Amino acid sequence: MRKSRINSILLLFLLTILAVMFIYPFIWMVGGTLKPEAEVMEFSPFGSQWSLDSYRSMLGKIPLFRALINSLVVSVISTFSVLVLSSMTGYALGRLHFRGRNLIFNIILFTMVLPFQLTLIPLYVLMVKFGWVDSYAALIFPYTMSAFAILLFRQYFMQVPQDLMDAARLDGLGEFGILFRIFWPLSKPALITVGIIHFMGIWNEALWPMIVVRKVSMMTMPQMVALYVVGGQAEAQVGTQLAAATLMSIPIIVVYLVLQRHFIESMASSGIKG
Amino acid sequence: MKMLIIMGSCSLFFTCARNGIENSDYLLTYWSSTNPYEIELAKVLVADWNSAHPDSMVELQPLPEGRSGEEVLIIAAAGGTTPDICSNVPPIIVPLLAKAKVLVPVDQFADGREFIAQRLPKELLNTFVATDSMLYQIPWKGNPIMVQYNLGILKEVGFERLPTTWSEWNELAELVSGDTDGDGREDRWMSDVNIIAEWRQRLFDFYPFFIAASGGQTILKNNTEINFNTDVSREIFEFYALGFREGWYANSIWIGDQFLQGRMAAHITGPWNISHTERFKPDGFEYAFGPIPVPDYFEGEHYTFGDPKSIGIFSTTKHPEAAWEFTKFLISRQADLQLLQICMQLPLRKDLVNDSLYATYFEENPMMRQFAELVPHTRGFDQNPALQEVFDAINEQFDAACIQGRRTPSEALQKAVKRSENVLKARGI
Amino acid sequence: MNSKSGKIRSGKINAGHTLVTPYYIFFTLFIAYPLIFSFVLVFHRWSIIGPLEWVGLSNFFELGGDPLFWKAILNTLIFILIHVPLQVSVALVLAAILNSKIPAKGAFRAAFFLPVVVSGVAVTILWKQIYSTNLGILNQVLHLIGIGPIPWVTDPSWAMPSIAMMATWKNIGLYVVLFLAGLQGIPKHLYDAADIDGATTVQKFFHITVPAINPVFIVVLILSTLGGFSLFIEPYVITGGGPMNSTLSGVLYIYRQAFSFFRMGYAATIGFALAAIIMTVIIIQRRFLEHEAD
């Protein structure tokens, strides 16, 4: 009994140290943004005085709020589109019968393992030829559907009892009606899962915006912050770099703290289904 | 219903996606760079032009933002959205643009070559001509690279004059570098070599040294053959490798302006740094400019890297003749004076120091005189589309041999040459 | 679109097709076309302006003899070989610990998961400073226990492992959560029976936990590996591919060829080669894992 007590305490101790290792860097980061530049790199998150210079300097150089808006527009529209269009496809694949259904299903499976490295350049060329460079179109259209979402919806929808569908048809509802008025309300967990995963993914995406957007006013947040640090505008001032990273992370961290359970549980369920 | 919303939003984006609003008042569109001084200059010049030429007015648009001017122009070229004239064309992409027939050659205009030859010294002009003997760019301005010295530090270590040879530089470096405040850590260095292994950084160490030490040669010969497979290159690698070994240049990434803070004796830079220094220097900070040091055995004129920028007329223009007239205006004597006054950058014009129009300016800005005298002796980029990769090859080996000290200079040079040869062959030049 | 009644009458076949139409469009535009064009590009030289120039197989030959390409592949593999085993094993152990009688499970879980949510760009910027040789807090801490300043990202031998460690820190929470979910599905009576037989903790772990978790394990392994091959933003922000190209990843090399040198044909070739390598690795992994599962 003693031994397992000691074991428990040791484990708890170990876990606590680890947890600190996962959280302290963020505390240090935020603290660093509020310290005078000369003290930023010091270990303690508290400086000799509070200073907002890092934020002032950064905000004076880059239109971060504009980037926030861009990220919001792109992520929200893309997520909405994925939810609608992927659920449509998942519904058709899971509940309707039509020629080529299996073929499409297999193709979707195949695209999931297709590495994006293959299509990156041609996709970019397509954007240039369409004249979509530096536009929301380029940022959103390639992200309007998701193979993962389609499969998830399909699986989920396959579990809905047939009688509900039959009853709905008797009521005169067409396929769209059945999908949005019957299936959607029943599939909240799937919707939330897909929604969160996709939103997070596209919010944090930096490579694609870096490729198709050059105009500062159209950049997304991760892109603008990455270029700010790499491009030398920060003039090697560490405080402003951390400030950019902090401002960028605050929205998602706040959402995470509030919806934590949903985040974690949707990730978990996606893993199982996947 | 939702389908409709989606379709509707799609078409909305489609139309918003293209930003091509034609303004019928203007005949020509002109892109300047995003440098605030250059925008200022552009506004002045365009206003002057427009009042004198109401029938061929020019609309000024700053260059779209981007990671680099090169990328922006290439994307514009690919999408067909190039302006009529752009004054921020990096010479390094001119071969690429020329090959794709995106730029209008100056030879197309009756007085094209002649006009340019009046402005530019012949030797310098030839470095801008393409392999097919056509001139696809109008050389506009440059920033001759020199060395800025902190006179306070030099006096402190007893150095009476500015170093002009490698030995003198190394001698100064030895005296200057080390621990000055007794805390056991080195806190002063000879100069700040940027250790980020990006080819552009080599334009401020390897390249100017190469141009100076080889008497005005560039890294390619006739724009097609490797010209840097020489002892000079190896010696430059050795020179920098020595400096890093001895701790004269530190292998760190810098925070803030170390030169103005008194931690560096020397800073390799261009005339743009004069106004920066004046704005931010601490009290009592004295400085002077000297030429890029040359090997001890070197005899001859001083050459350096000129960091040039050109003006380009794009083939999408519907009014090439008008575009050419505007371009001639941009490089007129008067406009060049305004370039000096507003931007503190040097027009690529011969005889700047002897031309009476500029006399007052040089009286008021004596430091600029030194740079102006160097203009005929500046060199830019060879006209080869694969040049950037050749620089990247050199950069890779500079990193290995000098910064990291993991390869001997001869070995490094051999690798750089080999990779460059492969690159030039692969590009089919 | 007033076709609801029309649809019911003409049968479900049309309905299916209509609903899948967006996917047809999406697939054609954003998957099929790029794939085909990618294939075409491989045989051409193209700088995005001007016409495509046919060069036959010369891009392949160049790739074969390109030391930077092979370095990029090697670097990516080094990253994966450090990052994936580290991540998977530590995640499993952590999940096992969290699954036992520990208080404040939720809090720990939330702590580990925090970095997953934050953008890779922010995490990379943060760690760029933490890893700073002379000033970073990591070396400050190590200094307290007498370990000299380690050149985390300025030394070619340390740079990629450092990035691998940072990536593990960032993603491990996700895998802890996935494993935890899997663990919670293991019936308790299996462990009780093992206790009766006198099995040790370690024995229980390897004979009950690990086999039961196998499906999740496979998913985690494949996801991690795929993620490893996508490595881009971390080396881009911290080291730019250096020092001495030791952090040049496959995707970063594609990016450089395409957007620094404007060699679209060659970049597409690299993409193809990289994709082929990825597929091979995944197939080998699956063969190996599914074999193990038996």
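Okay, housekeeping. Because the model is predicted, local features need pLDDT of at least 70 and side-chain atom pairs count only at pLDDT 80 or more, while totals for chains, interfaces and linings use all residues. Residues are numbered from 1 along each chain as its sequence is written, chains are lettered from A and ligands numbered from 1 in the order in which they are written, and side-chain values use heavy atoms, with hydrogens and water left out.

Let's start with chains A and C. How many residues does the contact take from each of chain A and chain C? It takes 90 from chain A and 82 from chain C, where contact means heavy atoms within 4.5 Å. The buried area there is about 7900 Å², and carbon and sulfur atoms give 83% of it. By buried area I mean the accessible area, with a 1.4 Å probe, that two parts lose on being put together, summed over both.

The rule finds 0 salt bridges between chain A and chain C; a salt bridge here is a side-chain nitrogen of Lys or Arg within 4 Å of a carboxyl oxygen of Asp or Glu.

Which helix gives the most to the side of chain A that touches chain C? That's α13 of chain A, residues 238-273, with 17 residues. Helices (H or I, at least four residues) and strands (E, at least two) are DSSP runs, numbered from the N terminus. Sorted by class, this side of chain A has 69 nonpolar, 15 polar and 6 charged residues. For those classes, Ala, Val, Leu, Ile, Met, Phe, Trp, Tyr, Cys and Pro are nonpolar, Asp, Glu, Lys and Arg are charged, and the others, Gly among them, are polar.

Over to chains C and B. Here 28 residues of chain C and 26 residues of chain B make the contact. About 2400 Å² is buried between chain C and chain B, with 61% from carbon and sulfur atoms. Ile49(C), Met244(C) and Phe261(C) supply 28% of the area that chain C buries against chain B, more than any other three residues.

This interface has 3 salt bridges. One of them joins Arg406(B) to Asp155(C), with the closest N and O atoms 3.6 Å apart. The rule also finds 2 residue pairs in polar contact between chain C and chain B, again both at pLDDT 80 or more. On the chain C side, α8 (156-183) and α13 (250-259) each supply at least two residues, and α13(C) has the largest share, 4 residues.

Next, the cores. A nonpolar core is a set of buried Ala, Val, Leu, Ile, Met, Phe, Trp, Tyr and Cys residues joined through side-chain atoms within 4.5 Å. Buried means under 20% relative accessible area, exposed over 50%, and partly exposed in between, with a 1.4 Å probe and protein chains only. The largest core has 290 residues, and Phe228(B), Tyr240(B), Ile48(C) and Phe113(C) have the most contacts inside it. α8(C) gives the largest share of this core, 16 residues. Among the residues that Tyr240(B) touches, leaving out those up to four places away in sequence, are Phe209(B), Ile268(B) and Phe398(B).

Over all chains, the structure holds 27. Glu123(B) and Arg379(B) pair at 3.2 Å, N to O, linking helix α6 (residues 122-126) with strand β14 (residues 378-379), 256 residues apart. Glu123(B) is partly exposed because its relative accessibility is 45%, whereas Arg379(B), at 5%, counts as buried.

Then there's Arg419(B). It pairs with Asp392(B) at 2.9 Å, and both of these residues are buried. Arg419(B) also forms a salt bridge with Glu396(B), at 2.5 Å. Arg419(B) is in helix α17 and Glu396(B) in helix α16 of chain B, so this pair ties together parts 23 residues apart in sequence. Finally, Glu70(B), Glu198(B) and Arg200(B) are linked in a salt-bridge network.

Terms used
Polar contact = N/O pair within 3.5 Å; in protein donor to acceptor, adjacent residues only side chain to side chain.
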